[in-house]
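Let us walk through this structure together.

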Amino acid sequence: MKGEKYLFVVSGPSGTGKDTVVSKLLGDHKEIKKTVSATTRAMREGEVDGVSYHFLTKDQFKQSLEADGIVEYTCYCDNYYGTLRSEIERRMQAKQPVILVIEVEGATNIKKLYPGSTTIFVLPPNMEELERRLRLRGSEDEETIQKRLRRAETEIARSANYDEHVINDVVEDCADRIFTIIQNRLAKPE
Ligand code: 5GP
(Lines give C-alpha, C1' and ligand atoms only; values in the text may rest on other atoms or scores of the structure.)
Protein backbone atom coordinates (compact mmCIF):
# COMPACT_ATOMS: atom_id res chain seq x y z
CA MET A 1 0.00 0.00 0.00
CA LYS A 2 1.14 3.54 -0.75
CA GLY A 3 2.57 5.49 2.17
CA GLU A 4 3.86 2.52 4.18
CA LYS A 5 7.07 4.36 5.02
CA TYR A 6 4.98 6.74 7.14
CA LEU A 7 3.98 3.90 9.43
CA PHE A 8 6.06 3.25 12.60
CA VAL A 9 5.40 0.53 15.12
CA VAL A 10 6.72 0.87 18.67
CA SER A 11 6.69 -2.09 21.03
CA GLY A 12 8.28 -2.86 24.34
CA PRO A 13 7.40 -4.76 27.48
CA SER A 14 4.71 -3.35 29.74
CA GLY A 15 6.41 -0.96 32.20
CA THR A 16 9.30 -0.15 29.88
CA GLY A 17 8.05 3.43 29.62
CA LYS A 18 7.32 3.34 25.90
CA ASP A 19 4.11 5.35 26.32
CA THR A 20 5.98 8.12 28.17
CA VAL A 21 8.66 8.13 25.48
CA VAL A 22 6.07 8.31 22.69
CA SER A 23 4.17 11.11 24.52
CA LYS A 24 7.41 13.09 24.72
CA LEU A 25 8.04 12.50 21.01
CA LEU A 26 4.50 13.59 20.06
CA GLY A 27 4.77 16.68 22.27
CA ASP A 28 8.01 17.71 20.55
CA HIS A 29 6.90 16.90 17.00
CA LYS A 30 3.25 17.76 16.38
CA GLU A 31 3.34 16.42 12.82
CA ILE A 32 3.63 12.87 14.19
CA LYS A 33 0.39 11.27 15.39
CA LYS A 34 -0.32 8.16 17.44
CA THR A 35 -3.22 5.88 16.70
CA VAL A 36 -5.86 5.15 19.31
CA SER A 37 -6.40 1.39 19.59
CA ALA A 38 -9.54 -0.44 20.59
CA THR A 39 -9.46 -2.54 23.76
CA THR A 40 -11.80 -4.57 25.92
CA ARG A 41 -9.75 -4.01 29.10
CA ALA A 42 -11.07 -1.85 31.95
CA MET A 43 -10.21 1.83 31.93
CA ARG A 44 -7.38 2.83 34.30
CA GLU A 45 -7.55 5.93 36.44
CA GLY A 46 -6.76 9.01 34.38
CA GLU A 47 -7.55 7.35 31.05
CA VAL A 48 -10.05 8.93 28.68
CA ASP A 49 -12.27 7.01 26.24
CA GLY A 50 -11.39 7.88 22.64
CA VAL A 51 -8.03 9.35 23.70
CA SER A 52 -6.18 6.60 25.58
CA TYR A 53 -8.13 3.83 23.85
CA HIS A 54 -11.53 3.25 22.35
CA PHE A 55 -12.91 1.16 25.22
CA LEU A 56 -15.22 -1.50 23.77
CA THR A 57 -17.21 -4.40 25.17
CA LYS A 58 -16.25 -7.86 23.85
CA ASP A 59 -19.37 -7.79 21.64
CA GLN A 60 -18.50 -4.39 20.16
CA PHE A 61 -14.94 -5.58 19.50
CA LYS A 62 -16.27 -8.67 17.73
CA GLN A 63 -18.59 -6.54 15.58
CA SER A 64 -15.70 -4.29 14.50
CA LEU A 65 -13.66 -7.37 13.59
CA GLU A 66 -16.48 -8.81 11.52
CA ALA A 67 -16.90 -5.47 9.70
CA ASP A 68 -13.16 -5.57 8.80
CA GLY A 69 -12.57 -2.41 10.82
CA ILE A 70 -9.62 -3.93 12.72
CA VAL A 71 -6.36 -4.63 10.83
CA GLU A 72 -4.65 -6.63 13.58
CA TYR A 73 -5.57 -7.67 17.07
CA THR A 74 -4.30 -9.77 19.91
CA CYS A 75 -5.39 -11.16 23.23
CA TYR A 76 -3.03 -9.76 25.87
CA CYS A 77 -3.39 -10.79 29.52
CA ASP A 78 -7.05 -11.85 28.95
CA ASN A 79 -8.15 -8.72 27.05
CA TYR A 80 -8.44 -7.88 23.36
CA TYR A 81 -6.47 -5.04 21.80
CA GLY A 82 -6.72 -4.04 18.14
CA THR A 83 -5.62 -1.44 15.60
CA LEU A 84 -8.48 0.27 13.79
CA ARG A 85 -8.10 0.51 10.01
CA SER A 86 -9.62 4.01 10.11
CA GLU A 87 -6.77 5.16 12.38
CA ILE A 88 -3.89 4.31 10.04
CA GLU A 89 -4.69 4.08 6.36
CA ARG A 90 -6.01 7.64 6.00
CA ARG A 91 -2.80 9.03 7.53
CA MET A 92 -0.51 6.85 5.45
CA GLN A 93 -2.24 7.99 2.26
CA ALA A 94 -1.98 11.63 3.38
CA LYS A 95 1.78 11.10 3.99
CA GLN A 96 1.55 11.89 7.70
CA PRO A 97 3.87 9.93 10.02
CA VAL A 98 1.82 7.72 12.29
CA ILE A 99 2.90 5.62 15.28
CA LEU A 100 1.30 2.48 16.60
CA VAL A 101 2.21 1.45 20.13
CA ILE A 102 1.39 -2.25 20.17
CA GLU A 103 2.76 -5.57 21.47
CA VAL A 104 5.00 -7.98 19.51
CA GLU A 105 2.37 -10.20 17.91
CA GLY A 106 0.56 -7.15 16.55
CA ALA A 107 3.84 -5.65 15.33
CA THR A 108 4.67 -8.85 13.43
CA ASN A 109 1.25 -8.77 11.77
CA ILE A 110 1.56 -5.09 10.84
CA LYS A 111 4.98 -5.72 9.30
CA LYS A 112 3.48 -8.54 7.20
CA LEU A 113 0.57 -6.36 6.09
CA TYR A 114 2.70 -3.23 5.48
CA PRO A 115 6.29 -4.38 4.75
CA GLY A 116 7.44 -0.78 4.22
CA SER A 117 6.69 0.12 7.84
CA THR A 118 9.42 0.40 10.49
CA THR A 119 9.32 -1.58 13.72
CA ILE A 120 11.06 -0.18 16.81
CA PHE A 121 11.53 -2.10 20.07
CA VAL A 122 11.98 -0.17 23.32
CA LEU A 123 14.06 -2.05 25.90
CA PRO A 124 14.26 -1.32 29.63
CA PRO A 125 17.81 -0.71 30.96
CA ASN A 126 17.47 -4.11 32.77
CA MET A 127 14.82 -6.48 34.22
CA GLU A 128 15.15 -5.13 37.81
CA GLU A 129 14.32 -1.65 36.54
CA LEU A 130 11.37 -3.01 34.58
CA GLU A 131 9.93 -4.67 37.71
CA ARG A 132 10.47 -1.47 39.71
CA ARG A 133 8.62 0.60 37.08
CA LEU A 134 5.74 -1.89 36.94
CA ARG A 135 5.30 -1.72 40.73
CA LEU A 136 5.61 2.06 40.76
CA ARG A 137 2.50 2.27 38.58
CA GLY A 138 0.57 0.86 41.54
CA SER A 139 -2.52 0.15 39.46
CA GLU A 140 -2.28 -3.63 39.29
CA ASP A 141 -2.35 -6.57 41.68
CA GLU A 142 0.59 -8.93 42.23
CA GLU A 143 -0.81 -11.58 39.88
CA THR A 144 -1.09 -9.07 37.01
CA ILE A 145 2.42 -7.75 37.69
CA GLN A 146 3.82 -11.31 37.58
CA LYS A 147 1.90 -12.01 34.35
CA ARG A 148 3.27 -8.82 32.76
CA LEU A 149 6.84 -9.69 33.88
CA ARG A 150 6.62 -13.17 32.35
CA ARG A 151 5.18 -11.67 29.17
CA ALA A 152 8.03 -9.11 29.12
CA GLU A 153 10.65 -11.88 29.11
CA THR A 154 8.93 -13.58 26.17
CA GLU A 155 8.60 -10.29 24.28
CA ILE A 156 12.28 -9.38 24.71
CA ALA A 157 13.23 -12.85 23.51
CA ARG A 158 11.10 -12.28 20.38
CA SER A 159 12.36 -8.77 19.64
CA ALA A 160 15.30 -9.78 17.40
CA ASN A 161 13.35 -9.29 14.17
CA TYR A 162 12.49 -5.64 14.88
CA ASP A 163 14.10 -3.13 12.49
CA GLU A 164 15.41 -0.96 15.34
CA HIS A 165 16.10 -1.27 19.10
CA VAL A 166 16.34 1.61 21.56
CA ILE A 167 16.97 1.56 25.32
CA ASN A 168 14.77 3.73 27.51
CA ASP A 169 17.39 4.94 29.97
CA VAL A 170 16.47 8.63 29.84
CA VAL A 171 13.05 9.46 28.36
CA GLU A 172 14.19 12.54 26.40
CA ASP A 173 17.17 10.72 24.88
CA CYS A 174 15.07 7.73 23.93
CA ALA A 175 12.44 9.98 22.29
CA ASP A 176 15.21 11.74 20.34
CA ARG A 177 16.59 8.41 19.15
CA ILE A 178 13.17 7.38 17.85
CA PHE A 179 12.79 10.75 16.12
CA THR A 180 16.11 10.20 14.34
CA ILE A 181 14.92 6.77 13.18
CA ILE A 182 11.72 8.38 11.80
CA GLN A 183 13.63 11.16 10.03
CA ASN A 184 16.06 8.69 8.45
CA ARG A 185 13.22 6.49 7.21
CA LEU A 186 11.26 9.43 5.75
CA ALA A 187 14.37 10.58 3.89
CA LYS A 188 14.46 7.26 2.02
CA PRO A 189 12.23 6.15 -0.86
CA GLU A 190 9.12 4.02 -0.19
P1 5GP B 1 -1.97 -1.76 28.37
O2 5GP B 1 -3.03 -2.61 29.00
O3 5GP B 1 -0.75 -1.67 29.24
O4 5GP B 1 -2.51 -0.40 27.95
O5 5GP B 1 -1.51 -2.46 27.03
C6 5GP B 1 -1.08 -3.78 27.03
C7 5GP B 1 -0.32 -4.08 25.75
O8 5GP B 1 -1.20 -4.04 24.62
C9 5GP B 1 0.79 -3.08 25.46
O10 5GP B 1 1.96 -3.79 25.08
C11 5GP B 1 0.24 -2.28 24.32
O12 5GP B 1 1.27 -1.75 23.50
C13 5GP B 1 -0.56 -3.35 23.58
N14 5GP B 1 -1.53 -2.78 22.66
C15 5GP B 1 -2.22 -1.63 22.76
N16 5GP B 1 -2.98 -1.44 21.69
C17 5GP B 1 -2.79 -2.49 20.87
C18 5GP B 1 -3.28 -2.85 19.57
O19 5GP B 1 -4.07 -2.17 18.95
N20 5GP B 1 -2.83 -4.02 19.06
C21 5GP B 1 -1.94 -4.82 19.69
N22 5GP B 1 -1.55 -5.92 19.07
N23 5GP B 1 -1.45 -4.50 20.91
C24 5GP B 1 -1.86 -3.36 21.49
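Helices here are DSSP runs of H or I with at least four residues, strands are E runs of at least two, and both are numbered from the N terminus. This is a predicted model, in which local features need pLDDT of at least 70, side-chain atom pairs count only at pLDDT 80 or more, and totals for chains, interfaces and linings use all residues. Residues are numbered from 1 along each chain as its sequence is written, and side-chain values use heavy atoms, leaving out hydrogens and water.

Start at helix α6, which spans residues 142–157 and holds I156. I156 is partly exposed, at a relative accessible area of 25%. On this scale, buried means under 20%, exposed means over 50%, and partly exposed lies in between, with a 1.4 Å probe and protein chains only. E129 is 27 residues from I156 along the chain, and their C-alpha atoms are 14 Å apart.

Now turn to two loops. C77 sits in the loop between β5 and β6. Its phi is near 45°, a positive value in a residue other than glycine. K95 has a positive phi as well, near 60°, and is also not a glycine. Find K95 in the loop between α3 (85–93) and β7 (98–101). K95 is exposed, with a relative accessible area of 51%.

Next comes the ligand. Which residues are closest to it? They are S37, R41, Y53, Y81 and E103, among 16 residues that surround the ligand. A residue counts as near when one of its heavy atoms lies within 4 Å of the molecule. By type, this shell divides into 5 nonpolar, 5 polar and 6 charged residues. Ala, Val, Leu, Ile, Met, Phe, Trp, Tyr, Cys and Pro count as nonpolar; Asp, Glu, Lys and Arg are charged; the others, Gly among them, are polar.

Look at the polar contacts, which here pair N or O atoms within 3.5 Å. A polar backbone atom of G82 is 3.0 Å from an oxygen atom of the ligand. For T83, a backbone N or O atom lies 3.2 Å from a ligand oxygen. E103 uses its side chain: a polar atom there lies 2.6 Å from a nitrogen atom of the ligand. Taken alone, the ligand exposes 510 Å², and the protein buries 96% of that. These areas come from the Shrake-Rupley method with a 1.4 Å probe. Two elements give two or more residues each to the shell around the ligand: β5 (70–76) and β6 (79–84).

Definitions and conventions:
Polar contact = N/O pair within 3.5 Å; in protein donor to acceptor, adjacent residues only side chain to side chain.
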